[in-house]
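Please look through the model below before reading on. The text then goes from the overall fold to single residues.

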Amino acid sequence: SVPQFKVRFKREVGISPRSFINMQKIEAAKLLLLEGFTKTEVALQLGFNTSSYFSSVFKKYTFYTPTEYIKGLYSNKNI
């Protein structure tokens with residue numbers, strides 16, 4: 001069942017399935033942003049409903065907005 005899967009996944013991996021999926025999406029988003037895709041394009045490609053929701057999830061996992069992330073990389077900050 002789904003609840004059993006979630007419990008077992010968290011026990012084996014250490015995080016919930018949703019958190020795992022979001023972490024994978026954010027890693028993919030970082031690469032897409034570096035390739036020059038816009039925040040909206042990245043959000044749509046990765047299955048987020050809106051670019052604002054994508055931005056909030058991105059910030060939750062990186063502590064930066066997508067815009068801050070890109071600006072930080074281009075100004076040689078350690079992000």
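This is a predicted model: local features need pLDDT of at least 70, side-chain atom pairs count only at pLDDT 80 or more; totals for chains, interfaces and linings use all residues.

Residues are numbered from 1 along each chain as its sequence is written, and side-chain values use heavy atoms, with hydrogens and water left out.

The protein contains five helices and zero strands, giving the pattern α-α-α-α-α along the sequence. Helices (H or I, at least four residues) and strands (E, at least two) are DSSP runs, numbered from the N terminus. Taken along the principal axes, the box filled by the C-alpha atoms is roughly 45 × 25 × 20 Å. The protein has 79 residues, and 27% of them count as buried; buried means under 20% relative accessible area, exposed over 50%, and partly exposed in between, with a 1.4 Å probe and protein chains only. The accessible surface is about 5,600 Å², and carbon and sulfur atoms account for 57% of that surface. Accessible areas come from the Shrake-Rupley method with a 1.4 Å probe, and for residues only the protein chains shown count as cover. Among contacts (heavy atoms within 4.5 Å) between residues at least 6 apart in sequence, 34% join residues at least 24 apart.

Helix α2 covers residues 17-34. The expected span of a helix is 1.5 Å times one less than its number of residues. For the 18 residues of α2 this gives 26 Å, and the end C-alpha atoms are 26 Å apart, which agrees. The buried residues in α2 are P17, N22, I26, A29, K30, L32 and L33. Their cover includes α1 (2-13), α3 (39-45), α4 and α5. After α2 comes G36, with a positive phi near 100°.

Where is the salt bridge of this structure? A search of the whole structure finds one, and E27 forms it with K30, with the closest N and O atoms 3.1 Å apart. The criterion is a side-chain nitrogen of Lys or Arg within 4 Å of a carboxyl oxygen of Asp or Glu. Both E27 and K30 lie in α2, three residues apart, about one turn of the helix. An α-helix has 3.6 residues a turn, so residues three or four places apart point the same way. The two partners fall into separate accessibility classes: E27 counts as partly exposed because its relative accessibility is 44%, while K30 counts as buried because its value is 19%.

Not counting residues up to four places away in sequence, K30 touches F58, T62 and Y69. One of these, T62, is found in helix α4 and, with the same exclusion of residues up to four places away, touches I26 and K30. T62 counts as buried because its relative accessibility is 10%. The side chain of T62 also reaches the backbone oxygen of Y64 at 2.9 Å. This is a polar contact, that is, a pair of N or O atoms within 3.5 Å; within protein, one must be able to donate a hydrogen and the other to accept it, and residues adjacent in sequence count only if both atoms are side-chain atoms.

Is F63 buried or exposed? F63 is exposed, because its relative accessible area is 66%. F63 is found in the loop between α4 (51-62) and α5 (66-74). The phi of F63 is near 70°, a positive value in a residue other than glycine.

S51 belongs to helix α4 and is partly exposed, with a relative accessible area of 24%. Leaving out residues up to four places away in sequence, S51 touches K39, T40 and A43. S51 and I15 are 36 residues apart in sequence and 25 Å apart in space, C-alpha to C-alpha.

On the surface, V13, F20 and I21 form a nonpolar patch with about 230 Å² of accessible area together. Patches are made of residues with over 30% relative accessible area and no salt bridge, with like charges joined within 9 Å and nonpolar side chains (Val, Leu, Ile, Met, Phe, Trp, Tyr) within 5 Å. V13 lies in helix α1 and is partly exposed, at a relative accessible area of 45%. V13 and L31 are 18 residues apart in sequence and 24 Å apart in space, C-alpha to C-alpha.
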